[in-house]
Structures are given as structure tokens and as C-alpha cells.
Amino acid sequence: MSAGTHRELDDMLGRGWRKPPLIQNKALRWGLIAAFAVYLVAAVSTIPVDWGRVYEGLDRGWQFVLAFTHPDFVTRWSDIWDGLAESIIMTVAASVVGIAISIPIGLGAARNIAPLPVYVICRAIIAISRALQEIIVAILLVAIFGFGPLAGFLTLSFATIGFLSKLLAEDIEAMDRVQAEAIRASGARWMQWINYGVQPQVMPRLVGLSMYRIDINFRESAILGLVGAGGIGATLNTAFDRYEYDTAAAILILIIGIVMGLEYLSGVIRARVQ
């Protein structure tokens with residue numbers, strides 16, 4: 001079809017609607033794009049890169065990739081098992097304690113059911129917990145309590161409180177008020193109102209978030225071990241320091257398998273609850 005025919009059709013049918021650009025001024029729009037491109041190039045150029053070190057690292061990286069074809073589960077199995085058991089115990093204990101503490105804090109952080117002083121205090125607790133990254137908390141607790149799983153347990157519990165309380169509070173604030181008000185209008189006390197008006201609406205979401213947090217805590221336990229907070233991360237770090245890539249590959253395969261198992265279990269539990 002020729003260009004003239006296109007113009008004739010446009011004149012007859014009208015031009016199709018197009019979404020207007022975010023920035024109407026064309027010169028300003030292209031100027032911002034050019035400025036961003038210049039900034040990106042300048043930012044990348046300031047990153048120091050030792051290409052000799054990169055070349056040496058590529059060889060070690062390829063050796064690590066090849067180690068996944070023949071992982072070594074046997075040579076250091078006792079260390080691997082001890083680290084995995086420690087990570088699992090830390091994950092379960094921290095998740096149970098963190099979830100138990102998160103529920104009352106989440107209730108207090110929901111503006112539609114909590115008085116203002118309680119709301120402010122609970123929101124402050126959530127803000128503090130979310131402001132501190134797990135590694136920073138773990139380093140601080142290792143300095144206080146020493147190396148071992150206690151620091152990891154406290155770190156994961158602290159992180160669980162900030163994560164779960166915030167999402168639970170937001171879910172409570174978004175719940176259907178009609179059902180909750182119907183329970184309250186029947187003369188129910190506050191605890192009965194929570195049990196029958198609030199809990200049924202947020203329970204599926206709470207179970208799903210709890211399972212997701214257990215998944216996160218197990219993966220985080222592997223990272224916390226790198227700073228001495230217990231778990232399989234210490235064994236993994238030792239394997240890398242010794243260039244035992246086959247052992248490191250075995251540990252990573254086990255971590256991936258456990259995370260996949262938790263994901264499947266989470267789906268089954270959410271389906272039953274819903």
C-alpha cells in the first residue's frame with residue numbers, strides 16, 4: 001500500500017489514538033535522554049576494572065561451573081551436614097519466634113484497629129527493623145554474642161518481625177470492614193472481634209507470608225554464616241577459600257533443593273488454607 005493511500009485512509013478514518021509522552025516538550029525529552037546516557041557512560045567509566053584479574057577470574061569461574069557436573073558430597077559430608085542442620089534449626093526457631101512476635105505488632109500497626117499511641121510505637125518498631133539490613137545486624141550481634149548460631153537466630157528473628165509485621169498490618173488495613181463491623185455490632189468483645197472479624201480475612205495471607213519468610217530465612221542463614229553467625233554459610237565460605245569448588249557446588253545444590261522443597265510445601269499449604 002502506497003504512502004498516498006495511507007494518508008487518504010487517515011483522512012477518512014482519522015488517526016489512531018496514541019498515548020501522549022510523559023514529557024510533552026520534545027527538546028526537553030531528548031535532552032534528558034542524552035543527559036542520562038552521558039551520566040551512564042561517565043558512571044561506568046569511573047568503575048576501576050583490573051582486566052588481568054578478570055581474566056584470571058574467568059578461569060576459576062569456569063572451574064566452578066564445571067564443578068556442578070561432579071559435586072563432592074562425600075569428602076566433607078560431616079561439615080556439610082552440621083552446617084545444614086544448624087541452618088535448618090536457626091531458620092525454624094527464628095521463623096517461629098519472629099512470626100509469634102510479628103502478629104501482635106502487626107495488629108498494633110494497623111491504623112483501623114489500634115489506638116494512635118499503640119500504632120505509633122508498633123510502626124516505629126517496624127521501621128527500625130526494616131532500616132537495618134540483616135548483614136549489619138549479624139555483624140553487630142556477632143560482636144556482642146560471639147561466633148555461632150545465636151547471633152544468626154537473633155538476626156533472622158529481628159528481620160522476620162519487620163518483614164511480616166508490615167505486610168500483616170497493611171493487609172489488615174485493606175480488609176473488608178463490613179464483615180468486621182458486623183461482628184462488632186453483635187456485641188463481641190475485642191478479642192472475639194479479632195478472632196471472628198479480622199483473622200478469617202488475613203489468615204490465608206498470613207500463612208503465605210510466613211512460608212515465604214521461612215524460605216527467606218533459610219537463604220539468609222547461608223549468607224549470615226559468612227560473617228560468623230552460624231549456618232551452612234561458614235562451610236560454604238571455607239570451601240571457596242580452599243578452592244574446593246566441588247564441595248561448594250554440592251552445598252549450593254543442597255541449598256537449591258531445600259529452597260525448591262520449601263516452595264512446593266508453601267504452595268500446598270496455601271492451597272489448603274484458602
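Which residue just after α6 takes a positive phi? I looked: Gly 146 does, at about 85°.

**Ground rules.** I am working on a predicted model, where local features need pLDDT of at least 70, side-chain atom pairs count only at pLDDT 80 or more, and totals for chains, interfaces and linings use all residues. Residues are numbered from 1 along each chain as its sequence is written, and side-chain values use heavy atoms, with hydrogens and water left out.

**Helix α6.** I took helices as DSSP runs of H or I with at least four residues, numbered from the N terminus. α6 spans residues 134–145, twelve in number. I get 16 Å from its first C-alpha to its last, close to the 16 Å expected at 1.5 Å a residue. That expected span is 1.5 Å times one less than the number of residues.

**Its start.** I checked Gln 133 next. A side-chain oxygen of Gln 133 reaches to within 2.8 Å of the backbone nitrogen of Ile 135.

**Its sides.** I called residues buried under 20% relative accessible area and exposed over 50% (1.4 Å probe, protein chains only). Glu 134, Val 137, Ala 138, Leu 141 and Val 142 are the buried residues of α6. They lie on the same side of α6, because they cover an arc of only 135° around the axis. I took that arc from the directions from the helix axis to the C-beta atoms. Ile 136, Leu 140, Ala 143 and Ile 144 are exposed on the other side. The cover over the buried residues includes α7 (149–173) and α9 (190–224).

**Tyr 243.** I found this residue in the loop between α10 (232–241) and α11 (245–273). Tyr 243 is exposed, at 52% relative accessible area.

Definitions and conventions. Helix = DSSP H or I, 4+ residues; strand = E, 2+ residues; numbered from the N terminus. Contact = heavy atoms within 4.5 Å. Polar contact = N/O pair within 3.5 Å; in protein donor to acceptor, adjacent residues only side chain to side chain.
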